[in-house]
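Here is a friendly briefing to read alongside the structure. Please keep the 3D view open and look up each residue as you meet its name.

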Amino acid sequence: MEARCAEEVSWHETRIRIRYKDTDRMGLVYYGNYFTFFEVARSEYMRALGYPYAKVEAEGYGLVVTEATAQYHGNTRYDAMITVRTRAFPFKRIRVRFEYRIFDEEGRLLVSGHTVHACINSEQKPTRLPPKLKAILEKGAAC
């Protein structure tokens with residue numbers, strides 16, 4: 001049931017053009033840059049939910065990465081357009097998990113992965129997600 005429910009959760013899409021600096025000597029996107037694309041897409045996702053990361057920080061919180069994974073299924077080159085799909089699902093009292101799928105222009109899956117973030121307060125101590133943020137993420141993940 002949970003896996004089926006997870007598939008019903010909507011994905012937010014962010015389009016990114018591959019810059020020359022994103023590629024390696026072989027002309028392919030350097031594998032580590034996919035984590036940067038995750039970050040860009042996560043920021044856009046939060047902005048689309050109406051709770052940009054700057055607001056999280058302004059309220060005295062931070063979301064620190066505690067886990068990051070990527071599985072590589074393909075690659076692309078300079079000047080290509082990619083689409084990064086992002087969703088937040090599931091989460092716990094102090095943690096939120098963002099999932100990502102990166103596709104090329106033909107719809108081919110290039111990378112899948114996730115990051116887990118722990119909420120911290122202004123003293124760098126783990127704390128519960130702010131109630132407003134939790135509510136927004138729950139609404140975005142509702143199915």
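The points below are grouped by topic.

This is a predicted model. The protein chain averages a pLDDT of 91, and 91% of the residues score at least 70. Over residues 1-7, though, the pLDDT is below 50, and this stretch has five contacts in the model beyond near neighbours in sequence.

**Helix H2**

- Helix H2 covers residues 33-48, which is 16 residues. From its first C-alpha to its last it reaches 23 Å, close to the 22 Å expected at 1.5 Å a residue.
- Buried residues in H2 include Asn33, Tyr34, Phe37 and Phe38. Ala41, Arg42, Tyr45 and Met46 of H2 are buried too.
- Just after H2 comes Gly50, with a positive phi of about 90°.

**The nonpolar core**

- In soluble globular proteins, nonpolar side chains tend to be buried together.
- The largest nonpolar core here has 26 residues, and Phe37, Ile82, Val84, Ile102 and Leu133 touch the most other members.
- H2, S3, strand S4 (95-103), S5 and helix H4 (131-141) each supply at least two residues of this core. The largest share, six residues, comes from H2.

**Aromatic pairs**

- A pair of aromatic rings is described by the distance of the centres and the angle of the planes.
- The model has eight aromatic pairs. One of them joins Tyr31 and Tyr72 edge-to-face, at 6.3 Å centre to centre and with 90° between the planes.
- Tyr31 sits in the loop between S1 and H2, while Tyr72 belongs to strand S2 (residues 61-72), so this pair ties together parts that are 41 residues apart in sequence.
- Tyr72 counts as partly exposed because its relative accessibility is 37%.
- Tyr34 and Phe37 also form an edge-to-face pair, with 5.6 Å centre to centre and 90° between the planes. Both residues lie in helix H2, three residues apart, about one turn of the helix.
- An α-helix has 3.6 residues a turn, so residues three or four places apart point the same way.
- Tyr34 is buried, and so is Phe37.
- Ring pairs link Tyr30, Tyr31, Tyr34, Phe37 and Tyr72 into a cluster.

**Residues to look up in the strands**

- Glu13 lies in strand S1 (residues 12-17). With a relative accessibility of 46%, Glu13 counts as partly exposed.
- Apart from neighbours within four places in sequence, Glu13 is in contact with Thr83, Val84 and Arg85. The side chains of Glu13 and Arg85 make a polar contact (2.8 Å).
- Glu13 and Gly60 are 47 residues apart in sequence, and their C-alpha atoms are 28 Å apart in space.
- Arg87 is found in strand S3 (residues 81-91). Is Arg87 buried or exposed? Arg87 is buried, because its relative accessibility is 2%.
- Arg87 and Ser10 are 77 residues apart along the chain, with 7.0 Å separating their C-alpha atoms.
- Ser112 has its place in strand S5 (residues 109-121). A relative accessible area of 8% makes Ser112 buried.
- The side chain of Ser112 makes a polar contact with the side chain of His73 (2.8 Å). Not counting residues up to four places away in sequence, Ser112 touches several residues, among them Phe38, Thr69, Tyr100 and Arg101.

Definitions and conventions: Residues are numbered from 1 along each chain as its sequence is written. This is a predicted model: local features need pLDDT of at least 70, side-chain atom pairs count only at pLDDT 80 or more; totals for chains, interfaces and linings use all residues. Side-chain values use heavy atoms; hydrogens and water are left out. Helices (H or I, at least four residues) and strands (E, at least two) are DSSP runs, numbered from the N terminus. The expected span of a helix is 1.5 Å times one less than its number of residues. Buried means under 20% relative accessible area, exposed over 50%, partly exposed in between (1.4 Å probe, protein chains only). pLDDT is the predictor's confidence in each residue, from 0 to 100. Contact means heavy atoms within 4.5 Å. A polar contact is a pair of N or O atoms within 3.5 Å; within protein, one must be able to donate a hydrogen and the other to accept it, and residues adjacent in sequence count only if both atoms are side-chain atoms. A nonpolar core is a set of buried Ala, Val, Leu, Ile, Met, Phe, Trp, Tyr and Cys residues joined through side-chain atoms within 4.5 Å. Rings of Phe, Tyr and Trp (its six-membered ring) pair if their centres lie within 6.5 Å; planes under 30 degrees apart count as stacked, over 60 as edge-to-face and the rest as tilted.
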